Amino acid sequence: MSGSHIKRIPYIRIAVKDVKRAVGFFQDVLGLERISEWPTGAIFDVAGTALAIESGVKPNVCLLVHDVDETYQDLKAKGVEFVSEPKDQPWGVRDATFADSDGNIFVIESFHCKVCGKACESYRELLEEHLRKHR
Ligand SMILES: [Zn+2]
């Protein structure tokens, strides 16, 4: 395939040691809007790009693709080293993880709603307009 599978960067994930303390910083000091939170992390909105903070993870950049499996096959055929295979995550996305030539971690991800099938542009759209509404 010519061109790139990559459509945009929907979020960046950084590693934190203390989630509560970090939430305080990003919410109260930086003034970001928190759109999701769970025991080991939280997601903030930065003008449409999500900033995920999480403990126990390697920092990574998420790349939105239309089809995770197709992108995975294509990149694998080009010799890209994958850290994890394509899989559906319990929070509703499908993703796979690879490392670049310097060991930086990238997640290819798609936000397809499993109920109605729509390909969302962001996790926020999937979460607020699908996962919460279909419930
Ligand atoms: Zn839906």
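What percentage of contacts in the protein chain between residues at least 6 apart in sequence join residues at least 24 apart? The share is 47%, where two residues are in contact if their C-beta atoms, placed from the backbone, lie within 7 Å.

This is a predicted model, in which local features need pLDDT of at least 70 and side-chain atom pairs count only at pLDDT 80 or more, while totals for chains, interfaces and linings use all residues. Residues are numbered from 1 along each chain as its sequence is written.

**Overall architecture**

The protein chain contains three helices and ten strands; helices (H or I, at least four residues) and strands (E, at least two) are DSSP runs, numbered from the N terminus. Read from the N terminus, the order of elements is β-β-α-β-β-β-β-α-β-β-β-β-α. The radius of gyration, taken over C-alpha atoms, is 15 Å, close to the 14 Å that the globule rule gives for 135 residues, so the chain is as compact as a globular protein of that length. That rule is 2.2 Å times the number of residues to the power 0.38. The C-alpha trace spans about 45 × 40 × 25 Å along its principal axes. Of the 135 residues in the chain, 25% are buried, a term that requires 20 or more other C-beta atoms within 10 Å of a residue's own, with C-beta atoms placed from the backbone.

Two strands pair if DSSP finds at least two bridges between them. The table lists two such pairings.

| Strands | Sense | Bridges |
|---|---|---|
| β3 (residues 33-38) and β4 (residues 41-46) | antiparallel | five bridges |
| β4 and β5 (residues 49-54) | antiparallel | six bridges |

Strands β3 and β4 form a hairpin with two residues between them. Within this pair, Glu 33 has Asp 45 of β4 as its bridge partner. The hairpin of β4 and β5 also has two residues between the strands, and there Ala 47 takes a positive phi near 50 degrees. Across from Ile 43 stands Ala 52 in β5. In a regular strand, side chains alternate between the two faces of the sheet.

**Helix α2**

Helix α2 (residues 68-77) has Val 68, Thr 71 and Tyr 72 as its buried residues. Seen down the axis of α2, these residues fall within an arc of 100 degrees, so they line one face of the helix; the arc is that of the directions from the helix axis to the C-beta atoms. An α-helix has 3.6 residues a turn, so residues three or four places apart point the same way. The cover over the buried residues of α2 includes β6 (60-65), β7 (81-88), β8 (94-99) and β9 (105-112). Just after α2, Gly 79 takes a positive phi of about 90 degrees.

Terms used
A residue is buried if 20 or more other C-beta atoms lie within 10 Å of its own, exposed if 12 or fewer, and partly exposed in between; C-beta atoms are placed from the backbone.
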